[in-house]
Amino acid sequence: MKLGLDIGSTTVKCVVLDDDNKLIYSTYERHFSQITEKIAELLNRVRGEIKGVEQAQVALSGSAGMGVAQDCGIDFVQEVYATRVAANTFIPGTDVVIELGGEDAKILFLTNGLEVRMNGTCAGGTGAFIDQMATLLNVPLEELDDLAKQYEKTYTIASRCGVFAKTDIQPLLNQGARKSDIAESIFNAVVGQTVAGLAQGREIEGQVVYLGGPLTFMSELRACFDRTLGVKGICPENSLYYVACGAALCAENTIDFDEVTEKVKHYRGSGNFAFNRPLFESREDYEAFCARHAKADVTQKELEGYTGRAYIGMDAGSTTVKGVVLNDSGELLYSKYMPSTGNPVEIIKAFLEEVYAKNPSLNVVSSAVTGYGEDIIKNAFNADYGIVETIAHFTAAKYFMPDVEFIIDIGGQDIKCFKIHNGAIDNIFLNEACSSGCGSFLQTFANALGYEIDEFSKLGLFAERPVDLGSRCTVFMNSSVKQAQKDGATIEDISAGLSLSVVKNALYKVIRASSPDELGKRIVVQGGTFLNDAVLRAFEMEMGTQVVRPNIAGLMGAYGAALYARKKSHGEGKSKLADADELKSFVHEIKVTNCGLCSNNCRLTINSFGGGRRFIAGNRCERPVTKKAPSSDLNMYAYKLKLLEDYKPVEGLRGKLGIPMGLNMFELYPFWYRFFTELKFEVFKSPFSSRKLYQRGQQTIPSDTVCFPAKLMHGHVQTLIDDGAETIFYPCLSYNFDEHLGDNHYNCPVVAYYPEVIKNNMKDIRKVNFIKEYFGIHRPKDFPKKAYERLSFYFPDLTLNEVRVAAKKAYEEYELYRDKVQAKGDEIIAAAAKQGKRIFVLAGRPYHIDPEINHGIDKLISGFGVAIVSEDVVSSRVSPFRTHVLNQWTYHSRLYAAAKYVTMRKDMELVQLVSFGCGVDAITTDEVREILESKNKIYTQIKIDEITNLGAVKIRIRSLLAAIEND
Amino acid sequence: MAELKYDKKTGRLLFTKQMKREGYTILMPNMAPIHFRILRSVFQSFGYNCELLETTGPEIAQTGLKYVHNDTCYPALLVIGQFIHALQSGAYDVRKTALMITQTGGGCRASNYIFLLRKALKKAGLEFVPVISLSFGMEKNSGFSLTIPLIRRFVGGLVYGDQLMLLSNQIKPYEVNKGETMALVERWSDRVSSMLIEGRGYTLEEVDENLHKLTKDFSKIEVNRTPKVKVGVVGEIYVKYSKMANNGLEEFLAEQDCEVCLPGLMGFASFKVDNRIEDYKMFGGNRIKYEFCKRLLDYVTKLETLMIEAAERFNFVPPHCYAHTKELVKGVIGYGSKMGEGWLLTAEMLELAENGYENIVCTQPFGCLPNHINGKGAIRKIKEVMPNANIVTIDYDPGAPKVNQENRIKLMLAVGREELKKRTEDKSTENT
């Protein structure tokens, strides 16, 4: 008889196998992080139920069981290894096992060279991820599967980590997308994540076995895998217990049950964990603290029977919807704080109905709406004004502290911070998709540990040793919390630790402050998360200063919107906002369709509200709304794309040579095109990126943390192969052209050497003549000879003379291309200056003009009537200068130069595009910021990845525009 | 107190002769303990009052996070965090302290560490602390120069460090008397340190003699050779060696009853010199520099040969010579891939697999750019060339929990143990 235990991140499984390896006992339970108690309980139970189990050999497996096993004298078996042993025993002939657990995703290749893959530390949980998504959709887990079965369409949801996916799903919900479609999209994201993140170029084929909770309980998820992989996988009996069975199969030693249960029961971690000072030393401290904060108060008045002028403010946020009604003096007549269950329209409708029910003759003078759902709410209910969140919050904060210097708002999903300088917003910090663990982050943990959020955060107030958890995203935090628990931290310590972590995240990751002085002394904190006393205290402690938290901290967006409406209306007129009668006949219909007006082919959600009012969501430009193409006249990004299209293939006797259109090729294509065309190749490029193209190469990406532009290269090369290229040319380039702007002229390691990754990871590359040689384009004199040496290996009939001539033409073509770009840039700047338009330098890398990479951000910005130039247009307008960093990469030198130039012009602003995972930009962003801020320019950074939430980008751009207009 | 002088062109704070004279404490990060202890003696012998930072603990990463961009690589966070933490600790007279940090000048982010350090110092209000770049001519300081005699002793120190690390790794897991190996490492570290301080022990002849004696001493340690899982560790150089960065990886592997092999620093030194030679061959350039680098590489190769010969003489597994390691990577990654650890990282994995250390931990800071290419990006190909290679890649950063990392390593070890068991069983059936 053998006994196996599997201690997962959320559940415990226990099995007993008889001598023929038949399962005679099994149990599966959630442990709510009470791991040791649960083990002791299970061991006792199994002892009562199975005779003779004391003689069984015992082993333990599972990620959360490692420490316990070691300290209690039970043999430990690594869980993937256990799965493998079980699969080989129970289903011989299995080729691939796909197992999803609470937090792990694994693929095991059992035949043709054993390989085991687990998700990296970045790629978020899977079971936990699905849990989170179900919570977000507000449906029980079981229902998610049923919903998914009824899907009609799928949306693209980032398959990186839960936080990312959340930012994709929330806007979809706000835009009224169907839950069934979202459910299916979530499953697709999980599949994409598993396949792209773990297969790493190895094909999943043959006999596939699905294991683990999510795949056992959700048949649609299995169906999704089947469809994507083109296989018919099986989910065997006892699929939940494979790890436990594997552990049992590996078990070699018996244990003394009494001794082990005793040890397990008394198992305490080492007690060694880093911790902080307690939040409060005593009850008195806490009471004094509460009394101090009670002072920032808004007076509450009665809505019923109120006859004066009223102003309504609404804030349709990501996880909550807020509404307020104010009187003339800014006093609160009514307010409501409602969790967003997905569709903000219904919630706002209910809010308005309530208001009208309480006061049927209410004289609404004006109304305004803000937040993620601003557009849809404004359209649905005819609100008078829509304002960007940042301005709404600033307006509200000023009411409490007219000379406020810094506002920090931590909401359910966003962190918004603004620095106020001379009464205007001077600097904006928004959390990037990666670190958005905020209010909902605490919520998730509270729930996971079996508490309500209020109760949970209160636990931390008097914790003796608040755990130091650092500042990390939710996924990492999960494991850190587990570790702390193992080390003996109490639930109180963890609660306090998480509150501290929220604060540290905001301070050090979002604001990037190093000392309180940077933020100023006059600070207003707001957002629902600050209603939590533990978080507020942690913030004051970390900052070493006292701050103001209004009692309506959670309502500030709506309050600011109402104040804004009051100001704009000057107390006159009548609001257009839907009245009680209009609400009665209110309808909301949702239709999903594809736009089809341009190559982006955005997936549109069309909301109709009766009376001809409709709202379109999901569009990147205004074309489906206005039916007019966005003007690309003053958009350098559009021009550059057009220029590249102009290089058409010319038939040549040396055959077809394909060049993948990605990374540095966005700028070097003219060079190589001319070079090889002169050498009589028919040079063609892969098409501009698209989602489909990306997916064609997705399975061969070896590193899931490399930047998206690099990942796209796999799709480009695959497309070239499929399109019949005989030769693919993708050279390694350590150095770029020297533009004499910096100390050196390197390419970044990824741009320089990505061809090596393509060669080593794409199976089909062997079908073509793949040239990834190293070239030195930075040395025009040596280039022909060296290029000839390299190329004659592939094309022995080439002559040095031919190469010389071609090289000369290539350098000329490159110059010509740069001149064209420069000329067009100058033209745009001149035209904009003449028309009095603002000019944005949309600064990034050459490849950021790829619409699949920039997600149409250029079009979005030009939609605001702003002219767009790229960094290289203005970088040549300044002479070299000293930076505070080693200025050694060609593309990055341009950024510094461009920033410098922008500081010299009143009509220019700089917006930096940063690809997620770009290590070099960790250096450039700080330096660009410094250059801009030294001359009082606002620095705006937009992080982009595979998927980007344009809603957040819009907020940034609108805030920036609002801030400069106020200047 | 020494006057603060700034470079005229760049405005950089200089480390002056006067500072050296006044005995400024020069703080150095402790990347590889055995090596750096000896190297410190080298610097001391030239009148630099160097001190190795031995501090550890979570405050260091916390300090780093506070003063450096959080997306910067982990080694930068740690090294800079450790410096600032030390300066703020009150243990040093900050007005009489300087910092020393290496700068390779490659296309990787690491060349920027020194600038990030200066930015951080400024942020912490410590901008008056001079920073010395340990590099070949990237930044000059009147109070510090890498003279030929210093370089020779420095390289000598590297050789001893490498040999001590190699031998102790091969002996320690099997020693009969616990602690004997490390005691010998200690003794020999002291011995070579004092030699270098006295200006001896770095010529080829002396190195040869010392290596012989040293290796012989290690061969005398009583061992019990039971089969153990042999694990090689490669990766970004700081994370690979530094206990603080890799969460005590070597100790963990020792606890798991493994024999560990860490390729030495000499390979890295050869690689960095060789890059200049390859650059010249690939793109053209300055012939004189090329010739100089070739000589330098020859010299390093000679020293390397001495190490290999000494190891072989006493039946240790010697490291491959650089030229062979380089040959191994042909067709896998081009020699032009030179940023960070470049192709050497890939080559070391191949070398380890060939040398019987087929279980490999590839360590990297989270988001390490060159490792996308040479680490994770090359593993598929490595397994094609060396099907026995059993590789796990581990990312390190301030938030990566140790428990996850260890779990992944355990998986690799489970597969390694299975192989080992198979092999020992095969052997015993052969014998019967």
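**A friendly note on a four-stranded sheet in chain A**

1. Let's start with the sheet. In chain A, four strands make an open sheet with mixed pairing, and their order is β8-β7-β6-β9. The edges are held by β8 (115–118) and β9 (208–211) of chain A; each has a single partner strand, so one side of each lacks a neighbour in the sheet. On average, and ignoring direction, neighbouring strands here are turned by 10° against each other. Please keep in mind that this is a predicted model.

2. Now for one pairing in detail. Strands β6 (residues 96–100) and β9 of chain A run in the parallel sense and share four bridges. One residue to look at is A:Val96, whose bridge partner in β9(A) is A:Val208.

3. Helix α3 (residues 79–90) of chain A packs on this sheet and touches β6, β7 (105–109), β8 and β9 of chain A. The direction of α3 makes about 45° with that of β7(A).

4. Helix α7 (residues 179–199) of chain A is worth a look too: α7 lies across β6, β7 and β8 of chain A, and runs at about 55° to β7(A).

5. Stepping back to the whole chain, chain A has 36 helices and 29 strands. Its radius of gyration is 30 Å, close to the 30 Å given by the globule rule for 967 residues, so chain A is as compact as a globular protein of that length. The C-alpha trace spans about 90 × 80 × 55 Å along its principal axes.

6. Finally, burial and contacts. Of the 967 residues of chain A, 60% count as buried. Among contacts between residues at least 6 apart in sequence, 74% join residues at least 24 apart.

Terms used: Residues numbered from 1 in each chain as written. Chains lettered and ligands numbered in written order. Predicted model: local features only at pLDDT ≥ 70, side-chain atom pairs only at ≥ 80, totals over all residues. Pairing = 2+ DSSP bridges. Helix = DSSP H or I, 4+ residues; strand = E, 2+ residues; numbered from the N terminus. Axes fitted to C-alpha atoms, helices over the stretch in contact; angles between N-to-C directions. Contact = placed C-beta atoms within 7 Å. Rg over C-alpha atoms; globule rule 2.2 N^0.38 Å. Buried ≥ 20, exposed ≤ 12 C-beta atoms within 10 Å, placed from the backbone.
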